[in-house]
Amino acid sequence: MKIVVIGAGMGGMTAAGRLARAGHSVSVYEACDTFGGKLRTEWIGKFAFDTGPSLLTLPAVYKDFFIRTGKPLGLMCEIVPVDPSFDYRFTDGTHVSFSNLSRFHTLNAIRAEYGDEAARQWDQMMRRASKMWDVSREPFVESELRSPLTLFKRRNLIRDIFIISPWTSLRKFADKYLPDRRLRYILDRYATYSGSDPRKAPAVLATIAYVEEAFGAWHIKGGLGTLATLVHQRCIDVGVTFHFNSRVAQITVEKGVASGVRLQDGTVISTDAVIANADAALIYNQLIEGEDRKLRKVRRNLMKADASLAGFTLLLGLRKDGSNPLKHHTVLFPKDYDAEFDSIFTAKTPALEPTIYICAPQDEQMVKDSSLESWSVLVNAPHHGDGGFDWSDENFSRNYANLIIDQIEARGIPVRARLESLTIRTPADLERSVLAPGGSIYGTSSNGARAAFMRAKNRSPIKNLYCVGGSSHPGGGLPLVGLSGEIVANAVESGQSA
């Protein structure tokens, strides 16, 4: 088959590599000048920063891609465990570090800081999250989700529904299992992993906490962007052709069947299948002309879905001074987490006291000098533009950056005295760089029990058009995007229509 892939993000590249390895002729057309989508490690002067994902979970997803396309991933890069996986700090002065791949050590850390009852609460919650993962892994994560009706054919339907508790929000789930407010804050944060509000997101997102613990938190030496470089090279090795600075203006459709693409320069390319690794709203509202009943339904679902969280990022190049060295991942929780969610999701304004996530990898390959260190600082933010917040005001961004640095220093972490470089990235910047509408990191959020079914299906209602990447099933984040590449490659190979 002749296959065109729109976009060189991780979903598009993993689908392309698998299909080229299977013998198909695959071409990737990317609007930007490079590959990887949001997954990038960027050098700014003497410092390298992971400007997208800064943590790899479920590395088996990408190990499988490399094995099935010809060579093990472990031979080409160094994947190292992040231990502790996270250091959580609270405004009451307490903190707890979660150990990588060890609930035993994590529970001991909780016990030492908050007592036996808090440790029991977390253990009980994780046991339930483990059961949720066992039930949801195959139908919701690893498989193509074509219709809610397929789930009703499951043999243990009633039991599975009870375990997943689809109508329970993550917040209500936390209230039940975690009376300790600090532990509830930690669990709430897993909703933001999918750009969602824990008060609306389904309880099944607790499985992310289990996955992180069971399969580990990992860093790739040199930065997570190394993974994008290796996937790109593997695609080239198996015969994928890349065309950069080649924006697709239209997906051509003839009698309900995708027949090719038209580039912005007017070039028309005929093809047997089109794989769109772009935001679903961009695919259905801008790249496809015309309208029929099925397209109206998809567009209606996209309109109903909430935009996911965006992010306001500071890239800090610092001199080491030996004071208060940070762990690889540090999270500074605010006093009032709900106030942050109210600000972002309801008022659509940046939070005055947001949760602050600091990634300080201590990776000698990410600095030019051993006396330096690079930090990526991320706070949750409303998306840019209509229905969100206007991030185009540079003065506001500078003032907000200073507010964030003030709050970091107020928690006893020195920044300004050793600052060598500061780069600000707003949701508007992300929208421009990777064509993510509003700079929403995950496309649409998982707010509500129906959100999974509102997400774009991998098989479009247009025959021979497939959707891959974070805004389509099974969702955003490196592991899920890699799985979407596998799901779509299998769907194309099967040749079945929607």
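A residue is called buried when its relative accessible area is under 20%, exposed when it is over 50%, and partly exposed in between (1.4 Å probe, protein chains only). The model is predicted, so local features need pLDDT of at least 70 and side-chain atom pairs count only at pLDDT 80 or more, while totals for chains, interfaces and linings use all residues. Residues are numbered from 1 along each chain as its sequence is written, and side-chain values use heavy atoms, with hydrogens and water left out.

**Exercise 1.** Decide whether Phe333 is buried or exposed, and classify the ring pair that Phe333 forms with Phe90.

*Solution.* Begin with accessibility: Phe333 has a relative accessible area of 0% and is therefore buried, and Phe90, at 4%, counts as buried too. Next, recall that rings of Phe, Tyr and Trp (its six-membered ring) pair if their centres lie within 6.5 Å, and that planes under 30 degrees apart count as stacked, over 60 as edge-to-face and the rest as tilted. Because the centres of Phe90 and Phe333 are 5.2 Å apart and their planes stand at 15 degrees, this pair is stacked.

**Exercise 2.** Classify the ring pair of Phe173 and Tyr177.

*Solution.* The ring centres of Phe173 and Tyr177 are 4.8 Å apart with the planes at 45 degrees, so the pair is tilted. Both Phe173 and Tyr177 are buried.

**Exercise 3.** Find which ring Lys368 lies over.

*Solution.* A charge sits over a ring if NZ of Lys or CZ of Arg is within 6 Å of the ring centre and within 35 degrees of the ring normal. Lys368 lies over the face of Trp43, 4.4 Å from the ring centre, and Arg181 lies over the face of Tyr185, at 5.1 Å.
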